[in-house]
Amino acid sequence: MGRYRPPRERGSLYITPEGERALREELRYLWKEKRPAVTQAVKEAAAQGDRSENAEYIYGKKQLREIDSRVRFLSKRLDELTVVRESPHDTSRVFFGAWVTLEDDETGEEVRYRLVGPDEFDVSQGLLSVDAPFARAMLRKRLDDEVVQNTSDGERLWIITAIDYP
């Protein structure tokens, strides 16, 4: 038996229109392009005979299981997500979908993040999950408010210098 792992906390159910488009495109690609190609490869490998020692067949079946699992996940997830298409009424505060520019209080370093859903975050592109502790610390803050980021080296203080909504 494996070790017990408690269920993960569910991420927030919000997504930007761009994130929804990306997930729908991934689902379309997997279902319409990749799965048929892998199915054909498995069919060809099965025609070669003994399946128990056929690495192409075994690997192809494993790929199909992974694709089917991802397709199931994407289908269910897209059904339950809420696409946030409008900016909030109070655009002077940080909410979901905002681009936030921050300045480090000590070094003057400036960074820019957009608060997005957990299904679309990519810190290298400046997309920060709204469920991340740093993003939660930013929520409802205004221009020139301080945001405290807890790091392994201690606390880091940031000042909000700009809030923009697309």
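A helix here is a DSSP run of H or I with at least four residues, and helices are numbered from the N terminus. With that settled, I looked up Tyr 29 and found it in helix α1. I keep in mind throughout that this model is predicted.

**Entry 1: Tyr 29**

I checked the exposure of Tyr 29: its relative accessible area is 36%, so I log Tyr 29 as partly exposed. Then I looked back along the chain to Tyr 4, which is 25 residues away from Tyr 29 in sequence. The C-alpha atoms of these two tyrosines are separated by 34 Å.

**Entry 2: the helix pair**

Next I wanted the geometry of α1 and α2. Helix α1 covers residues 17-46 and helix α2 covers residues 55-80. I noted an angle of about 155 degrees between them, with the axes 9 Å apart. Angles over 145 degrees count as roughly antiparallel, and α1 and α2 are therefore put down as roughly antiparallel to each other. As for handedness, I have α1 passing α2 in a left-handed crossing. What sort of residues make up the contact of α1 with α2? I got 14 nonpolar, four polar and nine charged residues there.

At residues 14-83 UniProt lists "domain: Transcription elongation factor GreA/GreB N-terminal". I worked through that stretch and got 80% helix and 6% strand.

Over residues 91-165 I have 8% helix and 44% strand. The end C-alpha atoms of this stretch are 7 Å apart.

Between β2 (82-83) and β3 there is a loop, and I found Pro 88 in it. Pro 88 has 23% relative accessibility, so I mark this proline as partly exposed. From Pro 88 I went on to Ala 98, 10 residues apart from it along the chain, and their C-alpha atoms are separated by 9.4 Å.

**Entry 3: salt bridges**

How many salt bridges does the model have? I count 14, taking a side-chain nitrogen of Lys or Arg within 4 Å of a carboxyl oxygen of Asp or Glu.

Glu 18 and Arg 114 meet through their side chains, at 3.4 Å from N to O. Glu 18 belongs to helix α1 and Arg 114 to strand β4 (residues 110-116), so this bridge ties together parts that are 96 residues apart in sequence. Are these two partners buried or exposed? Glu 18 is partly exposed at 39% relative accessibility, while Arg 114 is buried at 10%.

Arg 28 and Glu 33 make another salt bridge, at 2.9 Å from N to O. Arg 28 comes out partly exposed at 35% relative accessibility. Glu 33 is also listed as partly exposed, with a relative accessible area of 39%.

Then I moved to Arg 156 and Glu 109, whose closest N and O atoms are 2.7 Å apart in a salt bridge. Arg 156 lies in strand β7 (residues 154-164) and Glu 109 in the loop between β3 (99-104) and β4, so the pair links parts that are 47 residues apart in sequence. I have Arg 156 as partly exposed at 29% relative accessible area, and Glu 109 as partly exposed at 36%. I also noted a network: Glu 20, Arg 24 and Arg 85 are joined by salt bridges that share partners.

**Entry 4: positive phi**

Arg 140 is not a glycine, yet its phi is positive, at about 70 degrees. With 56% relative accessibility, Arg 140 counts as exposed.

Asp 144 lies in the loop between α3 and β6 as well. Its phi is positive too, at about 70 degrees, although Asp 144 is not a glycine. I log Asp 144 as exposed, at a relative accessible area of 58%.

Key: Residues numbered from 1 in each chain as written. Heavy atoms only, no water. Axes fitted to C-alpha atoms, helices over the stretch in contact; angles between N-to-C directions. Helix = DSSP H or I, 4+ residues; strand = E, 2+ residues; numbered from the N terminus. Parallel < 35°, antiparallel > 145°, perpendicular 65-115°, else oblique. Left-handed = near helix turned anticlockwise from the far one by under 90°. Nonpolar A, V, L, I, M, F, W, Y, C, P; charged D, E, K, R; others polar. Buried < 20%, exposed > 50% of the residue type's maximum accessible area, 1.4 Å probe, protein only. UniProt positions renumbered as here; feature names shortened; annotations may be inferred.
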